[in-house]
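Thank you all for coming. Please have a look at the structure on the screen, and then I will walk you through a few of its residues.

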Amino acid sequence: FDRISVIGTARRIVVKVGTLILSQADNSLDEKFIDELMAQVAFARSRGIQVAIVSSGAVGAGMGNMGLTERPTRIDLLQGLAGIGQTVLMHRYKTAARGRGMRVGQVLLTAADLSRKRDYMHVQSALRALFELDAIPVINENDSVAIDELRFGDNDSLSAHVANMIDADLLVILTDREGLYEGSPDTDPRPPVIRPVH
């Protein structure tokens, strides 16, 4: 499996960024990482590749902004932190993009937005419009209002839905895990890793 050849032929890519990748030990955003990510996005765009980012990190950014070291367990506090953190997160993406002559557009979704055909098509149209406007879609689950019954569960799942929705050629998941496992690393000490997923 030659990752370089796949990336080289892709015309549209979804990049999912996990919370732990975006965060520092004190829960503040890793601004250097975001700057480097946007530098790579700028390089991809210079080669004619459209990029959408599915970004976690709103709750973590909210915790860092509020100086919290322990994640609350109350749902309403988590929702509030997501609301605070989402503005911090988008400001950082906007600043890093603007420094390279790019623009970002925020799209916040719940599972309900993709479960009804009409809503799905509206989201799809909005993402296409952002590409037409030459902006980078930055997509996240709307954790400030999502409830358990309307959640994707994680942004890995959301990124797969987005990749399908926009006919992406490639989905790249940036994570602290080694890859996609055949089993759970929480219960199996050495589950096999599935390298390419076609």
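Predicted model: local features only at pLDDT ≥ 70, side-chain atom pairs only at ≥ 80, totals over all residues.

Residues are numbered from 1 along each chain as its sequence is written, and side-chain values use heavy atoms, with hydrogens and water left out.

Let me begin with the salt bridges, where a salt bridge is a side-chain nitrogen of Lys or Arg within 4 Å of a carboxyl oxygen of Asp or Glu. By this rule, the count in the model comes to eight salt bridges. One of them joins the side chains of aspartate 119 and arginine 116, at 2.6 Å from N to O, and aspartate 119 also meets the side chain of arginine 118 in a salt bridge, at 3.6 Å from N to O.

How accessible are these residues? I call a residue buried if its relative accessible area is under 20%, exposed if it is over 50%, and partly exposed in between, with a 1.4 Å probe and protein chains only. Aspartate 119 is buried because its relative accessible area is 12%, whereas arginine 116, at 46%, is partly exposed, and arginine 118, at 61%, is exposed.

Another salt bridge links aspartate 186 with arginine 177, at 3.8 Å from N to O; here aspartate 186 is exposed, with a relative accessible area of 64%, and arginine 177 counts as partly exposed at 41%. Salt bridges that share partners also join Glu31, Asp35 and Arg92 into one network.

Now to the lysine: is lysine 16 buried or exposed? Lysine 16 has a relative accessible area of 7%, so it counts as buried. Lysine 16 lies in strand S1, residues 12–17, where strands (E, at least two residues) are DSSP runs numbered from the N terminus. Leaving aside residues up to four places away in sequence, lysine 16 touches several residues, including Val54, Asn155, Asp156 and Leu174, where contact means heavy atoms within 4.5 Å.

Finally, on the surface, Leu180, Ile194 and Val197 form a nonpolar patch with about 260 Å² of accessible area together. Patches are made of residues with over 30% relative accessible area and no salt bridge, with like charges joined within 9 Å and nonpolar side chains (Val, Leu, Ile, Met, Phe, Trp, Tyr) within 5 Å, and accessible areas come from the Shrake-Rupley method with a 1.4 Å probe, where for residues only the protein chains shown count as cover.

Conventions:
Helix = DSSP H or I, 4+ residues; strand = E, 2+ residues; numbered from the N terminus.
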